[in-house]
Amino acid sequence: MSTTVIPYTTEIRPDTGVNNVKLGIWLFLASEIMLFGSLFAGYILLRTGNPEFGAGSGALSVPMATLNTVVLITSSVTMVLAWAAAMEQNFAKFRLYMGCTVMAGAVFLVVKGFEYSAKFEHHLYPSHSTFMAIYFTFTGLHALHVIVGMGYNAYLWIPGSKMFHSNPQQFANRVEASGLFWHFVDLVWIFLFPILYLLPDAAS
Amino acid sequence: MSLKAFHVLFVTASTLLAAGVAFWAFQQAPGEGMGWLGFGSVGAAIALPVYGVWFLRKTREVSFL
C-alpha cells in the first residue's frame, strides 16, 4: 500500500510564497470570516430596523463577559508563546504555555456555562426576543469554535506532541496554524463583547 | 500572514477594545458601579502596547509572512 505525502508542509511553495499548512488554514479562515461576517451583517440590519432591539443587553452580565475577555486575551498570549517555544525547540516551555492555553479555553467555557444557566433561570431563551436570539446564536457558535480550537490544542499538547521530536519544523507549523485559528476565535470575541454587552438600547 | 503578524493585529484590536471599554465605563455607565472596569481597562490599554513592543523584539527574526 502506498502512502501519499502532502508536499510543502515545511518548505515554502514557490507559486504561493507560503507553505501549504498556512495556505490551508487561511483558506479555511476566509470561509469563517464569511460565516461570522454574514451574522454581523444580520445583527446590523436587525438592530437598525427595530427601535426596541437593544432592550435585552441590560440582562447580560458585563463582569462575566469582562472576565471571559481577559481569559481569551491571555490565552492568545500563551498560544503565541507556545508557538515561539516550539520554534525554539524548547519542549518544556511549549508544554507549559500550550497547557495554559487549553486551560484558558476550559475556563472560558465554564464561565459561559454559568452565564447561560443564569439566563435560563430567568427564562431568557432565544425565543424571548430578537436580541436574545442573536445573543445565543453568536455566543453559541463562538463557544463551538472555542471547543474545536481547545480540542485541537489539547491534541497538540499531549498526543500530537510526539512530532515535536521527530519533525520539529512541521510540528511548529501545525502549532502556528492552530494559533491562527485560536486568534481568529479570540478576535471574533473582541467584536462580540462590545456589540452584545456594552452597546445601549437602539432607542436611547 | 504569519501568527506573528496576526498576533500584532490582535494586540492592536485588544488595545482599542480596552480604550473603548474605559470610555464606556466612565462616560456611558458612570453611576452603575463600573469604575473598576474603567480603571482596569485603562491599565490594559497601557499594558497591551508595552507587551506588543516586547513581543516584536522577541520575534525580531520571524517573518510577518
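Reader: How are α1(A) and α6(A) oriented to each other, roughly parallel or roughly antiparallel?

Author: Two packed helices are described by the angle between their axes and the distance between the axes. In this predicted model, the axes of α1(A) and α6(A) cross at roughly 10 degrees and come within 10 Å, and the two helices are therefore roughly parallel to each other. Angles under 35 degrees count as roughly parallel, over 145 as roughly antiparallel, 65 to 115 as roughly perpendicular and the rest as oblique. The axes are lines fitted to C-alpha atoms, for helices over the stretch in contact, and the angles run from 0 to 180 degrees between N-to-C directions. Helices here are DSSP runs (H or I, at least four residues), as are strands (E, at least two), and both are numbered from the N terminus.

Reader: Which residues of α1(A) meet α6(A)?

Author: Contact means heavy atoms within 4.5 Å. On the α1(A) side the residues include A:Val21, A:Trp26, A:Phe36 and A:Tyr43, while those in α6(A) include A:Asn173, A:Phe184 and A:Ile195. By class, this contact of α1(A) with α6(A) has 17 nonpolar, one polar and three charged residues, where Ala, Val, Leu, Ile, Met, Phe, Trp, Tyr, Cys and Pro count as nonpolar, Asp, Glu, Lys and Arg as charged, and the others, Gly among them, as polar.

Reader: How do α4(A) and α6(A) pack?

Author: Helix α4 (residues 130-157) and helix α6 (residues 168-198) of chain A pack at an angle of about 160 degrees, with their axes 10 Å apart, which makes α4(A) roughly antiparallel to α6(A). The crossing of these helices is left-handed, meaning that the near helix is turned anticlockwise from the far one by less than a right angle, whereas clockwise would be right-handed.

Reader: What is the arrangement of α1(B) and α2(B) in chain B?

Author: The axes of helix α1 (residues 3-28) of chain B and α2(B) cross at roughly 160 degrees and come within 8 Å, so that α1(B) is roughly antiparallel to α2(B). Their crossing is left-handed, and by class their contact has 19 nonpolar, seven polar and one charged residues.

Reader: Is A:Thr9 buried or exposed, and what is A:Thr9 in contact with?

Author: Buried means under 20% relative accessible area, exposed over 50%, and partly exposed in between (1.4 Å probe, protein chains only). A:Thr9, in the segment before α1 (20-48) of chain A, is buried because its relative accessible area is 15%. Leaving aside neighbours within four places in sequence, A:Thr9 is in contact with A:Asn19, A:Val21, A:Gln170 and A:Asn173. In chain B, by comparison, B:Gly43 of helix α2 (residues 35-58) is partly exposed, with a relative accessible area of 35%.

Reader: What is the area buried between chain B and chain A?

Author: Buried area is the accessible area (1.4 Å probe) that two parts lose on being put together, summed over both. Between chain B and chain A it is about 2,300 Å², of which carbon and sulfur atoms give 84%. In chain B, the residues losing the most area to chain A are B:Leu3, B:Phe6 and B:Phe10, together 31% of what that side buries.

Reader: Which conventions lie behind these values?

Author: Residues are numbered from 1 along each chain as its sequence is written, and chains are lettered from A and ligands numbered from 1 in the order in which they are written. In this predicted model local features need pLDDT of at least 70, side-chain atom pairs count only at pLDDT 80 or more, and totals for chains, interfaces and linings use all residues, while side-chain values use heavy atoms, with hydrogens and water left out.
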